[in-house]
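The sequence and structure are shown first.

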Amino acid sequence: MNLPIHVYDAADSRKAVTALIERLRRQVAGEGDLAETVASIMEDVRTEGDHAVVRYMRKWTNPDFTIDMIRVTPDEMDNAARSLEAPVREALAEAIAHVRQYQQHVKPIDPPMIDIDGAQVGLRFTPIERVGLHVPGGKAAYPSSVIMLAVPAQVAGVPQLSVVSPPPTGGGDISPLVLGVCHMLGLERVYRIGGAQAIAALTYGTQSVEPVDFIAGPGNAYTQQAKRQMFGQIGIDGFFGPSEIVVLADDSANPDYIAADLLAQAEHDPGCCFLVSTSRAIIDRVVEAIELQLPSRRRREAIVKALREWSAAIVVPDESAAYELVDTFAAEHVTLAVADPQAVLAKLRHGGAFFLGDTTPVASGDYYAGPSHCLPTGTTARYNSGLSVYTFLKRSSVERYPAAPSARAIEHIATLAEAEGLDAHAESLRIRKPM
């Protein structure tokens, strides 16, 4: 059996599940050998620029990497776009249209000003000026991530977008799928670099890479740690690391569908998969379906490792315990494979994206439905949100007194300022008091 089963009432099982949750949270931590390694990479790129980027690309990706390879040329993107087969191009264009439609639908507008005691106050949304987008590579090509990152930023009105994406580990070039999508979206700043060295290059700028103000995008632990360490010098979207799913199922769920969704997340290498239910029967049926479907999956080795080392099926005593556990995972993807998913959704607080009913595949959100698939991981959905047009918009308050504040407002504000020992603040009000 590839998916461990735990009965949550048993002390050993509860301890094992708690350890899995803590393991997820540790991925966000800024300590240990990984953090030290990333800090060293960041400093090397800051001081050496392109030369350090090339050195690390040679170490981890392509031993023949050169400075001339850092930036992708317009001709390379044009040729990649021309190489796309018609069905793939059509599917990509449709996905772009769906994501654009959804992001335009949820894009906030400036609310009308409101008058409060003589002051006209409001809120203004403006796009971030320079944004870097990290698109994972190395082990696989993710043109979908280009769409899910770039389209929300474009809808927000970001004027300057840069894309970093590494070529395959061991040599070769970036997938024509990734470059072709960049061309379809009109992205002009594309760099064939990735990982912590790419985050450093976007933060500090190098001879070849233009610096940005904000970095968004998923990636491995090194990439996310680099984003964490650079936060403050640049803005970041959040911790969007190794993929994860929690499925809450009852006896109404189709075990074949649930097994397929779990296998889909496990093939991310690594992927984290959790099945929660009050019913041991549905868990047994899903585990059986996994064993039947697994032999036909091409990435079996990665899937088996993810299921055995990073995943679990958990039998809980009642619905209340199920809801509490799902919220504790605060997972990237939460599937509600239950008879009344809308009612259960109302009882949950944390999740990057919710998929209602077993007829809703998580892969639809990965590629096509409209919301971005860039979502918080490592239990960070407790306090963070998935990427959207909101990610790339700054909020600024707006305040205007058409005339000086009223005498009453002046005295109230001055009184509060003086209570804090700030007499200059108080005087800045009283100097405006009508004579």
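## Salt bridges

Glu411, Glu418, Arg430 and Lys433 are joined in a network of salt bridges, a salt bridge being a side-chain nitrogen of Lys or Arg within 4 Å of a carboxyl oxygen of Asp or Glu. The model is predicted: local features need pLDDT of at least 70, side-chain atom pairs count only at pLDDT 80 or more, and totals for chains, interfaces and linings use all residues. Residues are numbered from 1 along each chain as its sequence is written, and side-chain values use heavy atoms, with hydrogens and water left out.

Glu418 belongs to helix 16 (residues 407-419) and Arg430 to helix 17 (residues 423-430), so the bridge ties together parts twelve residues apart in sequence. Helices (H or I, at least four residues) and strands (E, at least two) are DSSP runs, numbered from the N terminus. Glu418 is partly exposed at 41% relative accessibility, and Arg430 is partly exposed at 28%. Here buried means under 20% relative accessible area, exposed over 50%, and partly exposed in between (1.4 Å probe, protein chains only).

The count of salt bridges comes to 17. One of them joins Asp44 and Arg55, with the closest N and O atoms 3.5 Å apart. Asp44 is in helix 2 (residues 32-48) and Arg55 in helix 3 (residues 50-60), so parts eleven residues apart in sequence are tied together. Asp44 is buried at 18% relative accessibility, whereas Arg55 is partly exposed at 37%. Another salt bridge pairs Arg349 with Asp327, at 3.4 Å between the closest N and O atoms. Arg349 is exposed, with a relative accessible area of 63%, while Asp327 is buried at 4%.

## Aromatic pairs

The whole structure holds four aromatic pairs. Rings of Phe, Tyr and Trp (its six-membered ring) pair if their centres lie within 6.5 Å; planes under 30 degrees apart count as stacked, over 60 as edge-to-face and the rest as tilted. The ring centres of Tyr56 and Trp60 are 5.4 Å apart and their planes are at 20°, so this pair is stacked. Both residues lie in helix 3, four residues apart, about one turn of the helix. Tyr56 is buried at 10%, and Trp60 is partly exposed at 34%. Ring pairs link Tyr56, Trp60 and Tyr222 into a cluster.

Phe214 and Phe392 have ring centres 6.0 Å apart and planes at 70°, so they are edge-to-face. Phe214 is in strand 7 (residues 214-216) and Phe392 in the loop between helix 15 and strand 14, 178 residues apart. Phe214 and Phe392 are both buried.

## Thr391

Thr391 is located in the loop between helix 15 and strand 14 (393-400). Thr391 is buried, at 18% relative accessible area. Beyond its neighbours within four places in sequence, Thr391 is in contact (heavy atoms within 4.5 Å) with Ile128, Phe214, Asp237 and Gly386.

## Second largest pocket

The lining of the second largest pocket consists of 20 residues, and Gly352, Ala353, Pro371, Ser372 and Leu375 lie nearest its centre. On a 1 Å grid over the protein atoms alone, a pocket is an open set of points where a 1.4 Å probe fits, with protein on both sides within 12 Å along at least five of seven lines; lining residues have an atom within 4 Å of a point. Helix 15 gives the largest share of the lining, four residues.
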